[in-house]
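This report describes selected contacts in one protein chain.

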Amino acid sequence: MSSSFFPLLFFLPLLFIDPLFSQASLHQSKTLLKSSLVFQPSSNDTIPPTLFFEVTKPINVPDVKPCSLSVLQHDFGYTYGKPPVFANYTFPSDCPYQEFSKIVLEWNATCKGRQFDRIFGVWLSGVELLRSCTAEPRATGIVWSVKKDVTRYSSLLLKNKTQTFAVYMGNLVDKTYTGVYHVNVTLYFYPAVEKMNLFKERGETLGSRVDSNADLIIPFSRDLPLNDGLWYEIENATDVKVKEFQIPQNVYRAVLEVYVSFHENDEFWYGNPPNEYIAANNLSLAGNGPFREVVVSLDGELVGAVWPFTVVYTGGINPLLWRPISAIGSFDLPTYDIEITPFLGNILDGKTHKLRFGVTNALNVWYIDANLHLWLDSKTAKTEGKLLQHDIAPLGFSSVSDFKGLNGTFVTNTTRFISSTGWVTSTYGTVTTKSIQNLSYSNYMVMGNDGNLQIVNQTIHFDDSVYVKMPASNDKLKKSLKTFLFYLYSDYLDQGNRSSLSVANVTLGFNEKLQDADAKSPSSSLRNLQKGKGVMVVKDNLVVSGVGSTQQTYNYDSSNFCYSRNISSSNYTILYDEVRNSCNKRAKSHFGYGLSRWWPFPAKRAVLASHVIDPNGN
């Protein structure tokens, strides 16, 4: 489905279908579907299934029994190229509550045997609720769960009508890839009766409505019927997907939520070398350099950009790294919000408009769709607005290559600035909204050892600011300051006798600071850092030994909720797990042995494993 990093792709054609390929999508040529790197299965049925998980903070739900609804149960066998699995969705009629403070979607799945990772999506009436990747199973079985706060989709989930719930997972089952994914999807509705009653007694204010969930959500996804997911497929840099839409004329706020995932030749876009390097060395590789940008246009005008986090799927780089701790964002891919409110004056005319999606420098394939969240003024049939200012700085792009033969260095730097201001008049008065996106990108890449070694060091700064000037109340300021870190050291060694050794050290970082001028909405910060090192010995296309070790620190802090976790694992085994779930208590250790601090990761040399797994992959 994607390209791998150059050294392993070019010199290790037998290691994976494409060596660092994960198979999170099956849109690829038939040759890529052939058996490649495999772990020999074991028939030991006495070992319980292994729990896989992504480290993240627990969802803060009220201490009350929720209403629950089992939405879907299905066994995903050979589902590639077939329609999504459907279920009728209706809000549970036996739930005694009408107002809810939290709604949680829970995905539970098990699998046993041999299987690649698969990308999947969950939609309700065309609105995507979850984008995720499956865990790769082992012979003795695995189990994993994803919990996502889907409260922002309340207006859709609480509708008093039957809707279509859809899940697409393109899985393939044959004599080699035997894993069937057994899936259960459940929704939990947590009531907040007292809080909502007090809120109603006070009456709605514009400030409270700004912080509320949208009244209407318009999907920007493909229409059914399909033998695929509902996402759009962006196949190259000139491919643009367009969808027409029309909004009600009483909207006073609009936010576009964008879902993004990258596959096949662009799964590892951040490691793709420049085209001139590929041409000079007469190589057949995924190229276009390491910079990608999702661009969103409204009626031909650029309104926002997404510079995505470098999600590594569970089969990516070295699959042993993500067992049992999955890579950051792999079980719940991040979404990206673009404030559309300044442009409402252009689309409140009751006419049809066009939204376009494209990807700068894209190779095949990107999966993109979006949800337009709209806030409606129930006291009037028509609001008015005007775009006051829209500034787009030209994309600042520089690329410097210095190579001789297969060895060299490549430096890429990019900046983007978009600023938009507009007003909307409703029964709440005239509100002026200013939205700013300020992004910067740097990628330093090294090719060495005649192309067998690659180092990638990349940083993305993704800053969003929304300023809201409201009548007769305090102005609002919301800032999201994100930093995405990625580091890779990969090397390949030919050991003779049809054997090879691959080494990969990886660092992933997702940091975000939320700043809010309204004291009633506390600011928060997230620092999420993951480091892994892995070694695999491959002979005749079979993994004969290997090790994958991962350590992660997760720290979330706000004025009313804190959570931190320091955890390490090696080959399915948790070595150390320390959790702190309050802002003033000492950490609680779940395992009293193993690593408690980060270990060093060499930047210039390979590190051999201290132990290996057996050829059965257990």
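Which residues do ring pairs link into a cluster? The cluster consists of Phe-262, Phe-268, Trp-269, Tyr-270, Tyr-313, Trp-366 and Phe-486. The model is predicted, and the values below are computed from it.

**Aromatic rings**

The count of aromatic pairs comes to 35. One of them joins Phe-116 and Tyr-177 in a tilted arrangement, with 4.8 Å from centre to centre and 40 degrees between the planes. This pair links distant parts of the chain, 61 residues apart: Phe-116 sits in the loop between strand E4 (100–111) and strand E5 (119–124), and Tyr-177 in the loop between strand E8 (163–169) and strand E9 (181–191). Phe-116 has a relative accessible area of 9%, under the 20% cut-off, and therefore counts as buried. Tyr-177 is buried as well, with a relative accessible area of 3%.

Tyr-232 and Phe-357 form a stacked pair, at 6.4 Å centre to centre and 25 degrees between the planes. Because Tyr-232 belongs to strand E11 (residues 232–234) and Phe-357 to strand E17, the pair ties together parts that are 125 residues apart in sequence. Both Tyr-232 and Phe-357 are buried.

Arginine side chains also lie over aromatic faces. Arg-138 is placed over the face of Tyr-572, 3.7 Å from the ring centre. Arg-253 is placed over the face of Trp-375, 4.6 Å from the ring centre.

**The sheet with E17**

Strand E17, which holds Phe-357, is part of an open sheet of 4 strands in the order E12-E17-E14-E15, with antiparallel pairing. Strand E12 (241–245) and strand E15 (301–306) are at the edges with a single partner strand each, so one side of each has no neighbour in the sheet. On average, neighbouring strands of this sheet are turned by 20 degrees against each other, direction ignored. E12 pairs with strand E17 (residues 353–360) over 5 bridges in the antiparallel sense. Within this pairing, Lys-243 has Leu-355 in E17 as its bridge partner.

**Disulfides**

The chain has 2 disulfides. Counting bonded cysteines along the chain, their pattern is 1-2, 3-4.

| Disulfide | Sulfur–sulfur distance | Angle about the S-S bond | Handedness |
|---|---|---|---|
| Cys-67 and Cys-95 | 2.1 Å | 80 degrees | right-handed |
| Cys-562 and Cys-583 | 1.9 Å | 90 degrees | right-handed |

Are Cys-562 and Cys-583 buried or partly exposed? Cys-562 is buried, at a relative accessible area of 4%. Cys-583 has a relative accessible area of 42%, which lies between the cut-offs of 20% and 50%, so Cys-583 counts as partly exposed.

Cys-111 is buried at 2% relative accessibility, and Cys-133 is buried with a relative accessible area of 0%.

Key. Residues are numbered from 1 along each chain as its sequence is written. This is a predicted model: local features need pLDDT of at least 70, side-chain atom pairs count only at pLDDT 80 or more; totals for chains, interfaces and linings use all residues. Side-chain values use heavy atoms; hydrogens and water are left out. Two strands pair if DSSP finds at least two bridges between them. Helices (H or I, at least four residues) and strands (E, at least two) are DSSP runs, numbered from the N terminus. Axes are lines fitted to C-alpha atoms, for helices over the stretch in contact, and angles run from 0 to 180 degrees between N-to-C directions. Rings of Phe, Tyr and Trp (its six-membered ring) pair if their centres lie within 6.5 Å; planes under 30 degrees apart count as stacked, over 60 as edge-to-face and the rest as tilted. Buried means under 20% relative accessible area, exposed over 50%, partly exposed in between (1.4 Å probe, protein chains only). A charge sits over a ring if NZ of Lys or CZ of Arg is within 6 Å of the ring centre and within 35 degrees of the ring normal. A disulfide is a pair of cysteine sulfur atoms within 2.5 Å.
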